[in-house]
Amino acid sequence: MHIEEKIAMSEENLLIYAASSTCADLRYLTGFNAEDPFVWFSVDGQGYMLTYPMEIGRARLQCHDGVHVVSMNEVEQLFPQGHGECGTLSEKLIYISRHFCIDCWSVPADFPLQLALKLQDAGLQLRIRQPFCPEREMK
């Protein structure tokens with residue numbers, strides 16, 4: 001079974017913000033190795049990677065098939081149903097949440113607190129999912 005099929009089996013909306021060089025779940029989900037943190041999220045079983053413009057070319061080459069790689073600069077164009085400010089990372093995630101009509105994300109236990117608080121201030125619920133990728137732990 002491919003990663004996309006395993007993700008599709010989950011009914012949760014998943015969200016990670018980490019560096020894949022230190023987060024095995026993120027590396028497993030994307031196939032992309034980076035020292036700097038980036039966003040990966042899944043809605044209705046479809047995985048998206050949100051990264052900075054200088055990494056976009058390498059990300060598109062390295063990511064698993066089926067992962068939609070999106071530049072931070074493309075958020076408003078690709079997710080037009082969102083509304084509000086779209087400058088900071090938290091604003092982009094709130095914007096994407098509104099586009100997909102999401103009010104709750106499942107996040108790993110080590111999700112950044114400051115980002116979590118900003119998302120919660122915007123009315124989003126966050127649930128800890130532990131383990132985040134149980135299928136990765138199975139051998």
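Is cysteine 63 buried or exposed? Cysteine 63 is buried, with a relative accessible area of 9%; buried here means under 20% relative accessible area, exposed over 50%, and partly exposed in between (1.4 Å probe, protein chains only). Keep in mind that this is a predicted model, where local features need pLDDT of at least 70, side-chain atom pairs count only at pLDDT 80 or more, and totals for chains, interfaces and linings use all residues. Residues are numbered from 1 along each chain as its sequence is written, and side-chain values use heavy atoms, with hydrogens and water left out.

**View 1. The whole chain has seven helices and six strands.** Helices (H or I, at least four residues) and strands (E, at least two) are DSSP runs, numbered from the N terminus. Starting at that end, the elements go α-β-α-β-β-α-β-α-α-β-α-β-α. The C-alpha trace spans about 45 × 30 × 25 Å along its principal axes. Of the 139 residues, 50% are buried.

**View 2. Strands S3 and S4 run parallel.** Five bridges join S3 (residues 46-51) to S4; two strands pair if DSSP finds at least two bridges between them. Look for threonine 51, which stands opposite serine 71 in S4. To get from S3 to S4, the chain goes through helix H3 (residues 56-62), and this β-α-β crossover is right-handed. That label applies if, with the strands pointing away from the viewer, the path from the first strand over the helix to the second runs clockwise. S4 itself (residues 67-71) is mostly covered, with four of its five residues buried.

**View 3. Serine 106 sits in strand S5 (residues 104-107).** Leaving aside residues up to four places away in sequence, serine 106 touches Glu12, Asn13, Leu14, Leu15, Arg127, Arg129 and Phe132. Contact means heavy atoms within 4.5 Å.

**View 4. Cysteines, but zero disulfides in the whole structure.** A disulfide is a pair of cysteine sulfur atoms within 2.5 Å. Cysteine 23 is in none, and the nearest cysteine sulfur, that of cysteine 133, is 7.7 Å away. Cysteine 23 is buried too, with a relative accessible area of 12%. Back to cysteine 63 from the opening: this residue is in no disulfide either, and the nearest cysteine sulfur, belonging to cysteine 23, is 14 Å away.
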